Amino acid sequence: ILVLTDCTGEAWRSGAAMRTLHGWARTGPLAIAQPLPQRLWPRSALACQYVRIRAPFPGAPNHRLTADPADGPLADADRTGVPVPILEISPSWLGSWARMVSGPGRTYAMAAFTGAAPASSGDAATAEAERTPEQVVGRFMTGASAGAFRLAGLLSAAPLSLSVSAMRH
C-alpha cells in the first residue's frame, strides 16, 4: 500500500491517520509517498526518524519489519508501534523501498512509527507571533525554493498596494 499524502491534515495532527496505518501495516507492505521534498517534512505532523529497515521475507507486512537507528540512538518513545517508510516520489526512493519489499532485504529510509505521538504543533500561532523578523525570514528560507526566496526579496523592495483604484489603471 502506498499512501500519497503531505501528512499535514487534521487526521495526521490528531493521530487518526497513523492509527489507520497501524491496522494496514498488519496486512502487507506499507509506505507513505510524500509529494513534498524532504526538507519540508519537519513542517508536517509526522515525527520521522532515519532508520535501517529490514524485511524478513518478500512482501512482509510492516509489523514484521525491524527498524534500527541509522545515525544515532532512537528513544524508545520514538520507536513505539510499527515503522512506516516515508518516501519522496522519485525513482531512487521508490526503487529502494521496492527492492526491500521484494526481498528479504533492507534499506535506509526515513520512517514514522505508528505509536509515536504526532509531531507537536503546540501553540504554533503563539510561537510564530513571538518570533523575531529574522527568525521568521530564517524559517522561510529553510523551506522555500531558491526562486521563491528570490521573489520574496524582490517583492520586499517594492511598495505594494492592493487598492482597487490602483488596479484599474
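Predicted model: local features only at pLDDT ≥ 70, side-chain atom pairs only at ≥ 80, totals over all residues.
1. Histidine 22 is partly exposed, its relative accessible area being 32%. Leaving aside residues up to four places away in sequence, histidine 22 touches Gly81, Val82 and Thr114. Asparagine 62 is 40 residues from histidine 22 in sequence, yet their C-alpha atoms are 8.8 Å apart in space.

2. Now for the rest of that helix. Which residues of α2 are buried? In this helix, which spans residues 16-24, they are Ala17, Met18 and Leu21. They lie on the same side of α2, because the arc they cover around the axis is only 95 degrees. The elements that cover these buried residues include β1 (2-4), α1 (10-14), β2 (31-34), β5 (83-88) and β6 (105-113).

3. The largest nonpolar core contains 17 residues, and Trp12, Met18, Leu21, Leu30, Ile32, Leu46 and Ile86 have the most contacts inside it. At least two residues of this core come from each of α2, β5 and β6. The biggest contribution is that of α2, with 3 residues.

4. Isoleucine 32 deserves a look of its own. With residues up to four places away in sequence not counted, isoleucine 32 touches Val3, Thr5, Cys7, Trp12, Leu21, Leu46, Val84, Pro85, Ile86 and Leu87. There is also a second, separate core, made of 15 residues, with Ala31, Ile53, Leu87 and Met100 among them.

5. Turning to charged pairs, how many salt bridges does a search of the whole structure find? It finds 3. One of them joins the side chains of arginine 13 and glutamate 10, at 3.3 Å from N to O. These two are 3 residues apart in helix α1, so about one helical turn separates them. Arginine 13 is partly exposed, at 41% relative accessibility.

6. Next, follow aspartate 68. Its side chain meets that of arginine 52 in a salt bridge (3.6 Å, N to O). This pair links distant parts of the chain, 16 residues apart: arginine 52 belongs to strand β3 (residues 49-55) and aspartate 68 to strand β4 (residues 66-69). Arginine 52 is partly exposed, with 23% relative accessible area.

7. Aspartate 68 also forms a salt bridge with the side chain of arginine 54 (2.7 Å, N to O). Since arginine 54 is in strand β3 and aspartate 68 in strand β4, the pair ties together parts 14 residues apart in sequence. Through shared partners, salt bridges join Arg52, Arg54 and Asp68 into one network. Arginine 54 is partly exposed, with a relative accessible area of 31%.

Definitions and conventions: Residues numbered from 1 in each chain as written. Heavy atoms only, no water. Buried < 20%, exposed > 50% of the residue type's maximum accessible area, 1.4 Å probe, protein only. Helix = DSSP H or I, 4+ residues; strand = E, 2+ residues; numbered from the N terminus. Arc of directions from axis to C-beta. Contact = heavy atoms within 4.5 Å. Core = buried A, V, L, I, M, F, W, Y, C linked by side-chain atoms within 4.5 Å. Salt bridge = Lys/Arg side-chain N within 4 Å of Asp/Glu carboxyl O.
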